[in-house]
Amino acid sequence: KETEEVFKVKKSSYSKKIVKQLKKEYKEDLEKSKVRTEVNSPTDAEPPLEKTGQIKDIGQEDGTTNSEHGEEEMEVESEKEEEKPKAGGAFSSALSSLNVLRPGEIPDAAFIHAARKKRQMARELGDFTPVDSEPGKGRLVREDENDASDDEDDDEKRRIVFTVKEKSQRQKIAEEIGIEGSDDEALVAGEQDEELSRWEQEQIRKGINIPQACIYQPAEVNNLYYQNTYQTLSYGSSYGIPYTYAAYGSSETKSQKTDNTVPFKTPSNEMTPVTIDLVKKQLKDRLDSMKELHKANRQQYEKHQQSREDSTKAIERLEGSSGGIGEQYKFLQEMRGYVQDLLECFSEKVPLINELESAMHQLYKQRASRLVQRRQDDIKDESSEFSSHSNKALMAPNLESFGRDRVIYQEQVKRRTAEREARRARRRQAREQTGKMADHLEGLSSDDEETSTDITNFNMERDRILKESSKVFEDVLESFYSIDCIKSQFEAWRSKYFASYKDAYIGLCLPKLFNPLIRLQLLIWTPLEGKCRDFETMLWFESLLFYGCEEQEQVKDDADISLLPTIVERVVLPKLTVISENIWDPFSTTQTSRMVAIVQKLVDGYPSVVNAENKNTQMLLKALLLRMRRTLDDDVFMPLYPKNILENKNSGPYLFFQRQFWSSVKLLGNFLQWYGILSNKTLQELSIDGLLNRYILMAFQNSEYGEDSIKKAQSVIACFPKQWFANLKGDKTISQLENFCRYLVHLADTIYRNSIGCSDVEKRNAREHIKQIIKLLASIRALDHAVTVANDHNVKELKILIEGK
């Protein structure tokens, strides 16, 4: 049992080495057996160990034995074998000393080593002693050389006896092919040659590193060491020689190691017969496949050709346009530098321009405020002088008890009175020279004359501002402040590279870019003065008039077309707003006419700019309304005197009353000049409600009823726009004029009552006055009041009067 356990432990470690060594020994024994076959008798030949089944199970890599599978039993004789002397060898005496193993006993390593040493010595002495007389009935378990150190004393005590119950594979084959026992040597020799050739082929295949696989050998051919297997290959493929490792083991071995193994099918000897139809079919199939491949290659070729042509055209196009792109890049880089320098220049100069513009506006504002204040002071002085309710407190409200301020106040009043009368005398003298004295009425002229001192100071300050404005760009190159130079730079950009010009929104930036330069030229532009130059004749307007209007086709939504309207919107309208709010005097008919003219020109010439939706236009109209309301509240004054005082037409109160009345009528006419610009509702509110009903009707009631009142009424009605009454339907006029119509009816009744008891001439004159009143009522479309007056005073020419309105 101990020997069996040792064998089981060590057999797995030396089994591979034993197989390798036995193969080497087998080759040597095979050569010697041939020699012995020729010399000795056939009975002396010893079959190879491998053929006798002595190493059948030792060649397995997993180290399994037949005893483990239960396939066969090993009988070991315990008795010592008697020494059999041999004539040809001296080593035969050593074999007799080995003990015979008992049946079923497993030889140990020492016994196997002794048997191997014995065999080796027999070969060296030329005395080949077969281990068993019946080859194929046992197996030999051998140790490798590493076990030489084991105990050699037991080698002589034991020997292996192989007992095989079944016949060997060689004998079975010999019986099947009909070879008798006498031919056993020939069969052994043939098998040895065949095995040798297989062994050589196996070694060659191992040398060239061809992959090998272990397959399971059938029981019928398990006596062969190598088995060539072939795989059926497809038509037209290369041929190879498949092979496997040698398989060792008995025919009854059931389990084989399956790791790293590849099974191969047994080659079939049957082949499909080749016919003409089969060859034709294969050729046709091959032709069809080649045609399809040719078609696909043709399409791919055409695709590549088209791609090549497109690439060639793209290269030519890009090469042709590369020069233009380079020039465009250079130009745009230059424009970028120029614009940056221009903006840096404007960032320093624009604050100076703003200061100069503010100084000029302040200068004009001071002059206008001075004139308005002088007019207000004159009205206060005359009202205080001719008022019947005047007293010392009213004349000098903040006087001290000592009277020192009263003296100064009286001196100022006298000075202002003298200056006022001197101005009136000069105007009267000028009218006499021109022949307009008969038609003139006091209060219609504008008292806007200035003293020589004021004029001199104004001119000096204006000249200083202009001199400062000329020095703004004296340290700058002309290309950075001249509108023509700046315009030429952007015109070149527009003409050469319009796409990039449009993408940069230059058309929207130019109005802001030209804004400071244009404001500098409009520094002294004031349309309220008669010598003021029209802005459309200035240099900046003429320079930019045809910008963006080349002969080439105009681009849709081109911002350059609206360059001038945009400049008018952003430069001219804000300046007019400042002038309207601070400089314009609504009492001045001349200034009002000029202001109305410039605004009307903008409305007619720039309808896309001057409209109700434009922000700058709204600011301008708002400034005009605020200025008119301020004048209505601060500058209009209508004195009230008893009729007995007004009967003296040469008295101061009468002249002051007439002057204030006619100044109010003049203001009414100035307000109504804005018809067509301001809305009718706004104008009616200012002129009729604010001025006529509030001040002028009060003066009518204090006036003498007669021809003078009719003349004044005609002057008031003459101020009304005729368009107000052209589209009225019915017999009534506009609601705001009802008070004025009732006054005219009352005037007709008063004239009729005053004519009762008078001479026929006076009655006839009174009747003519009544007819004039009827015509006035018809002119303002107050037909109901006209019919009432005609019926009350028996006027039968009503239809004629109405039609002759």
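This is a predicted model: local features need pLDDT of at least 70, side-chain atom pairs count only at pLDDT 80 or more; totals for chains, interfaces and linings use all residues.

Me: Why is R781 called partly exposed?

Reply: The relative accessibility of R781 is 22%. Buried requires a value under 20% and exposed a value over 50%; R781, at 22%, therefore counts as partly exposed. R781 is found in the loop between α24 (760-779) and α25 (783-792).

Me: How far is R781 from A726 in sequence and in space?

Reply: The two residues are 55 apart in sequence, and their C-alpha atoms lie 8.4 Å apart.

Me: What makes a residue a member of a nonpolar core?

Reply: A member must be a buried residue of a listed type, such as Phe or Trp, joined to others through side-chain atoms within 4.5 Å. The largest such core here has 125 residues, of which F490, F535, W540, W674, F720 and F740 touch the most other members. Helix α7 (residues 276-386) gives the most to this core, with 12 residues.

Me: Which residues does F740 touch, leaving out those up to four places away in sequence?

Reply: F740 touches L692, L697, F700, A713, V716, I717 and I780.

Me: What secondary structure does the protein chain have, and what percentage of its residues is buried?

Reply: The protein chain has 26 helices and zero strands. Buried residues make up 41% of its 805 residues.

Notes:
Residues are numbered from 1 along each chain as its sequence is written. Side-chain values use heavy atoms; hydrogens and water are left out. Helices (H or I, at least four residues) and strands (E, at least two) are DSSP runs, numbered from the N terminus. Buried means under 20% relative accessible area, exposed over 50%, partly exposed in between (1.4 Å probe, protein chains only). Contact means heavy atoms within 4.5 Å.
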